Amino acid sequence: MTLLATLTGILLCVLQPTEREQLSTLLRTFRSSSPSVAEQRAALAQAQGVDSPRAVQAILEVFQILNEESSRLQKRIRSAAKSSGRRDTGLAEMRRKVRPLLAMQQDIVNMLRAMKNKDTHKFFFEEVIGNGKVHLTIRTVALVTMGTNLPDSPQSANQLVKIFTKLESMALPLEKKRRQAIHSMDKKPVAELRRDLDPIRRFQDRILTALLSLSNPETLSWLFENTIENFRIPLSLRVSLIQSNSQNNVISIPAIVKSLEDARDPGAIAILLRGIARSGKRGQEAGILVISFLSHEDETVREQAAYTLSKLALPDSIQPLLDRLEHEEGRTLHRMIQALEVITGQNHGTRIKAWKQWFSDRGQAYLNGTVPLGKGTGTGSEEVTRGYYFGIPQIGQSIVYVIDVSGSMNESMDFAGKGRRTQKAKDGETSRLDACKTELTQALRALPSNTRFNIIYYSDVARIYSKKMGKASESTLRAASKWVNQLEAGGATNIYDALDAAFALAGNGTTDKYYNPIVETVFLLTDGKPQLPNGAMDNTERIRAAVRRWNPYGKLVIHTIGMGAGVNEDFLKNLALENGGRYVPR
């Protein structure tokens, strides 16, 4: 007899008779060779209200049986649809069979959500959440169901961090395969890999939520001391923990300062600096230490220090930032200038002499508090040498334009976007796609020859103009403009894959402190709400969470442009705000 069978027997002895009978009937029904759907549904209905560790064990076994059968049928459905078309009679029969299986799996999820017994919740935490053999959906539901019954201790936090890290090792190969499929513009594996990836990311999001809900000082101290410089833990988790806990005043500024003084790794320093940036005015007491990092040997640290100072808006940071202008170039120089623009409200671009002259003539009023600080926008509107795209300065030596070519881009620019979709723009009217083409070709012509660029166009699938970033030579720009003018609209609005393709072009530099990203600036244009390849609505929070994983240091700037009233403005505004960019409605 197996250990599981022995434990099952012991647990059955202590259960109430009614629950024992319910579970026995449930397992007997689903273990039988050919139960009818009606019998399975009746057994599940009879088991409603069970709430014990043994009940969870029985339910997990039933879920596994249903999931294996539904997965087998869904695989056959996909294969049949590909080979024989959607009208095949056998295909319709398989779809009829799979529906009740999926419905019963949802019934099981609802049963788990209704469980309130503390012993059951303890079983969730000890035997379900970290069990890799249990379906991800069940593990996610178990964690959410626990709610405030989640143990608040260093041991519990350690277990959650380990689970998150294990999930990341499952997710990264899938993301790598997706990006390869996006480059080859193969729609089918891209969609299938997204289906495989989403449950992992959803579970990670729930784990992060659970970690951020912990409030025991001993637990928080353990998290802070054991995650920031632990490079076996995913970077996205470390950044999220420090930023959220700093913003919510969970971690004290003196504690962050002490860690900054002891930190030697540039990645850990950058994470801690972003934590101070999110702490609001409380972070000003760390201002002197943050200023010292402006001269750090690592450019990622210097950029994060400039970003943090732009949030703290300290008078004492103006002179040190000005002093750095003569020593920086490229993206790092721009980040220093952005910080000065935000702090002072001045816009002198890369004209270092103009900055110094301004400070000599009027700087004292900014130092003594006469002029309020931190009111600037950091747009870099002066000295723009690369022109504009929808009014946004084209700053950066490598730019990617991500443009929407979904079906609604055929609509007239005059269409408000409310109510039913209209037909294509009439003769004499400018469609949204036409306006986009005009703006993009003008923006391309304004690029200096030393700029590198690329274009991603997306509908239900994201496609890339060139597999590599190209230099803005006269011949290259002429070819790109001709190609842009031949684009046609049709399909859904798959923003997730479009952004994924942009970060694929950017390379390892967005997440690795030792590399610079190949792409510095992304312009995302859309006239609709994010959709999946099949046209169903996508989850905007999941897209933003993905971008936070892809851009933890904020090295890549994302500007967003929304055309018409059909866009999700909150999503586009937040996406730009979280990634150092601007949102422009059109």
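The axes of helix 6 (residues 118-128) and helix 7 (residues 136-146) come within 9 Å and cross at roughly 140°. This is a predicted model, in which local features need pLDDT of at least 70, side-chain atom pairs count only at pLDDT 80 or more, and totals for chains, interfaces and linings use all residues. Residues are numbered from 1 along each chain as its sequence is written, and side-chain values use heavy atoms, with hydrogens and water left out.

**Helix pair**

- Helices are DSSP runs (H or I, at least four residues) numbered from the N terminus; axes are lines fitted to C-alpha atoms over the stretch in contact, with angles from 0 to 180 degrees between N-to-C directions.
- In contact (heavy atoms within 4.5 Å), His121, Phe124, Phe125 and Val128 of helix 6 meet Ile138, Arg139, Ala142, Thr145 and Met146 of helix 7.

**Second largest pocket**

- The volume of the second largest pocket is about 1700 Å³ (the space filled by probe spheres set on grid points joined across faces, edges and corners).
- A pocket is an open set of points on a 1 Å grid over the protein atoms alone, where a 1.4 Å probe fits, with protein on both sides within 12 Å along at least five of seven lines; lining residues have an atom within 4 Å of a point.
- Among the 41 lining residues, Gln74, Arg78, Glu192, Arg195 and Asp196 are the closest to the pocket centre.
- Helix 9 contributes the most to this lining, with twelve residues.

Technical notes. Helices (H or I, at least four residues) and strands (E, at least two) are DSSP runs, numbered from the N terminus.
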